[in-house]
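These are my notebook entries on a structure I examined chain by chain. I set down what I looked up and what I found.

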Amino acid sequence: MSISTQPTRRTIARPKGVLLPLALLVLVILAAFTLLPGLIAPHDPIALAMADRLKPPSLTHIFGTDEGGRDVFSRIVYGTRYSLGVAIAIVFASALFGVIYGAVSGMARQGIDNLMMRIVDLFFGFPALVLALAVAASIGRGLDSVALSLAIIWWPGYARLVRGEVLRLRERPHVEAARALGVSEMTILRRHIIPFVVQEVNVRVTTDIGYALVAVTALSFLGLGANSPTPEWGLLIRDSRPYFGSAWWYLVFPGTMIMLTATAFSLIGDALASRRAA
Amino acid sequence: MKLRNGILGLALGLLMGGVSYSAFADDASTFVYADAGEPSTIDPAKANVNWEFTVTRNIYDRLVDFDLDDPSKLLPALATEWKQDGKVWTFKLRDGVTFHDGTAFDANDVKATLDRLLKIGQGQSYLVDDIASVTVVDPKTVKIETKAPTVFLASNLSRIEMLSDEDIAKHKDDLGQAWFNENANGTGPYEFVSWTRGTQIELKRNDKWWGKFPEKPFDRVLDRFVTDGANRARGLEGGEFDLANFVPLDEALRIGTSSGFHLVEGNNLWAWPAIYLNMDLAPTNNKDFREALVKAFDYNAMVQSFQGKAEVGRGPVPSWFPGSPEKEEVEIKTDLDGAKAALAKSGLANAKMKCSVPAGFPEFRFAATVLQSSAQQLGVTVEIEEQPFVEAITAIKSDRSNCFVLGNANLSPSDATKFFSAHYLKGGFYNSGKFFDQTLQDLVAKLPTISDAAERGKLLKQAADIVVNSHYIIWTARPKTVVPEPDRIGGYRIDPAEYINARFWEMYSK
Amino acid sequence: MVIAFLLKRLVWGLVVLIAVAVITFFLSRVVPADPAAFLAGQNASEETVQRIRVEHGLDRPLPEQFASYMIGLAKGDLGESIRTRRSVSTDLKQYLPATLELLIVSFVLYLAVSFSLAVLAARRPGGAVDGAIRLVTMVGTGIPVFWLGMTLQFFFFYKLHWLPLGARFPIRETAPPVVSGFLLVDSLLAGSLSAFLASLKHLTLPAATIVVNLLAVGTRLSRAALIQEQSRLYVRTARGKGLSPNRILFKHILRNALSPILTATTMQFGYMISWVILVEVIFDWPGIGLYAYQSFQVFDYSPVIALAIVSTAGFVIINLVMDLLYPVIDPRVQSVGS
């Protein structure tokens, strides 16, 4: 599901001006939302307050309220740890597995390498949503099943990336030299290959968190993810749908939040890439 | 080579085509109905959901009709007269009625239809499953004998569509199941034209229909499948559709009060949304625990979520229903102290339970959310899982869930026993929490045999009380049905015995 | 050489398809729901449900169901849809063209837009235009596709009345007779330009939704390729020979930049299919995505497995075609076998 966007070093442009600081600011805000929702959110995200049902944005409710009179802003704040948390978990888990798989494949003999990469290919054509539908139905709807199904289709991207890097690095003169000097494959891997690969993967992980977030919310939107009344962002959008004509704020703010978060991660990923290239 | 042929074809098509085909038809007399789903079948013996009834109801006729304003009053349709004599009902059939293919309608059609319906055993057959035999007396007279005397047979037949015995005979091998699934030949006000899968079913007006159309009826009806409620609302408001099924309530109220629209309101819902508690699975198998939930439930929150267009029910039978005991029932309201006492009695403080909610209805989800928030005040944790309908009802039936949210109407216009059988008797499809009470079973069996209406009312109250006192169901609120109708059209009426249905033959343009 | 390569790929493709069929079959059967209950309908008695279970072979043990499914699959039989009560192949024939039409139009639009943006961006790498384009495409990728679809509907249908809400053709009008199933083609075959334009109008929002979400990758890759190619020797040579800049751009650079983009696109295929399901749901687009999604709601397994098989097959075929095309597109690649 994730896509190789490996740019050539020389062609990377560094994000300029205020964009990067802005992206970092978004990140700080998100971290605060995740770690200290109680301090930031002005209202209870779960308790019903029917008198305030579907009220437009105001000073008390800056993002308005939902069909239960709950503060949309508070729900978004509390939802960060679900939406973003799951996205991060998916990306980390797939990166970890993908790196190991890719490294093994890259270092292995050609026959095994071929087979391992063929298995990776299998996952690329598999429609993510179909898998998610099936997983959700078999182990129940919830963020855990979303995490599982997305991780299953996410890791092959890392495996392929890492294998490519390993193959490239193996041919480097200093690695060849080390090998000629009788340094063991394990040591070569540890000293000369893994450190470089990790840098490459870092860039990818950062950008992917944004994409994973979008994917998580998509599954929740289809009703495969979080369950009510969890304030997960995709679920907020799903729940807001019947009220769109009467309460635009209920749909607009969670969507904007997803968009901002994903863009911030992309920008930071870009910055990391350009720092590596410099 | 292929590519060149293709281009050649395109060019030829451009040159020669356009003669027979024109996209832009006169659409003044076309009525577009946005239905919430695509039928799985249009066989009247199997039709089960609103979007299947939309088609069957308009293509076929029934023996009797009923007055939408007073469901206890029956009106002539394919039958002009009927009478009950113990177990035997006799129907006199209308003269000069023909099917869309030109064949005449007679008593053989009635017999073939009912025999087939009961043999297939699906769809609305449960409404007439007390029929023992159907006899053709003469082409215009049919005799129906029931297993036990029932006063409701004619009324229940107002939901049973009549097919042609020639069609049934022609497709004998599988009882015509394959053919009737996607073909239709009725006597009704509209004729089946085509079914574009995934998109729409097209009907055209039957100008030879025996009934009466209003002035300026619609000659062509497009039944569109628009699965998303927000899209139905948006399309209705934007003028793409003339009427829509299941418009979310907030949108319906907003659209119906905006300029160019008016609201059609009606009472009709029996249990909407009702929370069914599992009688077999802890902690809901404990009666005191159920009582605690019923008393803790915040009914006002529900009424507010319906913007006040709802009342709190006092039991299963809504007050407008013929012979309803509702007025004599005790009011149901939130009583937190009572709830706490009941919970203490149950000894199930801090219990956890799971609730399965059929996806797609914001009202159902909200009812579960209210239950969750109310139960929390007692220290009881409710976990909600929204699932497709089949999965959700399977979860509670197989004891993987404690509760299930369901909204339903009684399709029979005046027979409450059919609703009770499906919802509260052993083996009933909607009896998802597996409620069982022998006295209730006996009462429901006895009720149709009694000819005195006052006596029936008494039994109905007893039956309702058994369900209420068991705390099997939380009747969260009974909203009004609200349908926004564009000012450019008229004629829409709410069927009290069903959530939303469209009688296209009553619709007209202004 | 080429034939051996093709054979190898075909065999592998077949293995992949079988694996996908097996996986989805078992995944879908773990579901704790009874399709027979749906088929029988509400109010049907338990005996009726049991009868239907037997009729559809749902009462048989899982291995037996699996065996008969695989045997059917080998014969090209994708099973029966419980919801539509028709064979899945018949349904696919009906729904596939709608999805393909949407995918093809989106893909063409995607290539065109990302190329144009890349050309603009590559003119002065690091300049203001370049930065703006990158930001905009990045934001586009960060927008949840379903949210974007609803927002576009809101503005272009509800507020502005410019574009339709959904579906493939104006509701009140008669669609051209079905020949290919592609409305754009069929309306031209029927000789109706107005029908063609109407279909195009209906394609606009769904296609735009898909394209906006994919743009970042395409634009980034094309831009990178363009900058790299620009600095290559042959471009300098060509410039020295006095070719016009536009000619250089299109003749040399685009051709060489195409292959990384096509590679990336094949990698995005699974992604696109997933997005297509969402877009079809939002726009009531009667394609295989909506078909499979609705089938899943009632535990109608066969269409879901069929979707997995069809989309994987699509992926395998596209990959194969790409491999065969590389030497044509990119003169530097010698032959597929190497």
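This is a predicted model: local features need pLDDT of at least 70, side-chain atom pairs count only at pLDDT 80 or more; totals for chains, interfaces and linings use all residues.

Entry 1, surface of chain A.

I counted 10 helices and 0 strands in chain A. Read from the N terminus, the order of elements is α-α-α-α-α-α-α-α-α-α. The C-alpha trace of chain A spans about 75 × 45 × 30 Å along its principal axes. I also looked at contacts between residues at least 6 apart in sequence, and 72% of these in chain A join residues at least 24 apart.

I found 25 positive and 17 negative side chains in chain A. The centres of the two sets lie 7 Å apart.

I repeated the survey for chain C. Its accessible surface comes to about 13,600 Å², with 70% belonging to carbon and sulfur atoms. Of the 338 residues in chain C, 59% are buried. The secondary structure of chain C consists of 14 helices and 0 strands. Among the contacts in chain C with a separation of 6 or more, 73% are between residues 24 or more positions apart.

I asked how many cavities of 30 Å³ or more a search of the whole structure finds. The search gives 15. I followed up the second largest cavity, which holds about 180 Å³ of space. This cavity is lined by 19 residues, and the closest to its centre are B:Arg224, B:Phe225, B:Val226, C:Ala167 and C:Asp284. Strand S10 (220-225) of chain B and helix H13 (288-297) of chain C each supply at least two residues of the lining.

I located B:Glu251 in helix H8 (residues 249-256) of chain B. Is B:Glu251 buried or exposed? B:Glu251 counts as buried because its relative accessibility is 0%, and the cut-off for buried is under 20%.

Most peptide bonds are trans, and most residues other than glycine have a negative phi. I therefore noted the departures from both patterns. A cis peptide bond joins A:Ser228 and A:Pro229, with omega about 5°. A:Pro229 is found in the loop between helix H8 (185-221) and helix H9 (233-240) of chain A. Another cis peptide bond joins B:Trp272 and B:Pro273, with omega about -15°, and B:Pro273 lies in strand S13 (residues 271-277) of chain B.

Phi of B:Leu175 is near 60°. B:Leu175 sits in the loop between helix H5 (165-170) and helix H6 (177-182) of chain B, and is partly exposed, with a relative accessible area of 24%. Phi of C:His161 is also near 60°. C:His161 lies in the loop between helix H7 (145-159) and helix H8 (183-189) of chain C. C:His161 counts as exposed because its relative accessibility is 52%, and the cut-off for exposed is over 50%.

Methods:
Residues are numbered from 1 along each chain as its sequence is written. Chains are lettered from A and ligands numbered from 1 in the order in which they are written. Side-chain values use heavy atoms; hydrogens and water are left out. Helices (H or I, at least four residues) and strands (E, at least two) are DSSP runs, numbered from the N terminus. Contact means heavy atoms within 4.5 Å. Lys and Arg count as positive and Asp and Glu as negative; His and the chain ends are not counted. The place of a charge is taken as NZ of Lys, CZ of Arg, CG of Asp or CD of Glu. On a 1 Å grid over the protein atoms alone, a cavity is a set of points where a 1.4 Å probe fits but cannot get out, and a pocket is an open set with protein on both sides within 12 Å along at least five of seven lines; lining residues have an atom within 4 Å of a point. Grid points are joined across faces, edges and corners, and a volume is the space filled by probe spheres set on the points. Buried means under 20% relative accessible area, exposed over 50%, partly exposed in between (1.4 Å probe, protein chains only). Accessible areas come from the Shrake-Rupley method with a 1.4 Å probe; for residues, only the protein chains shown count as cover.
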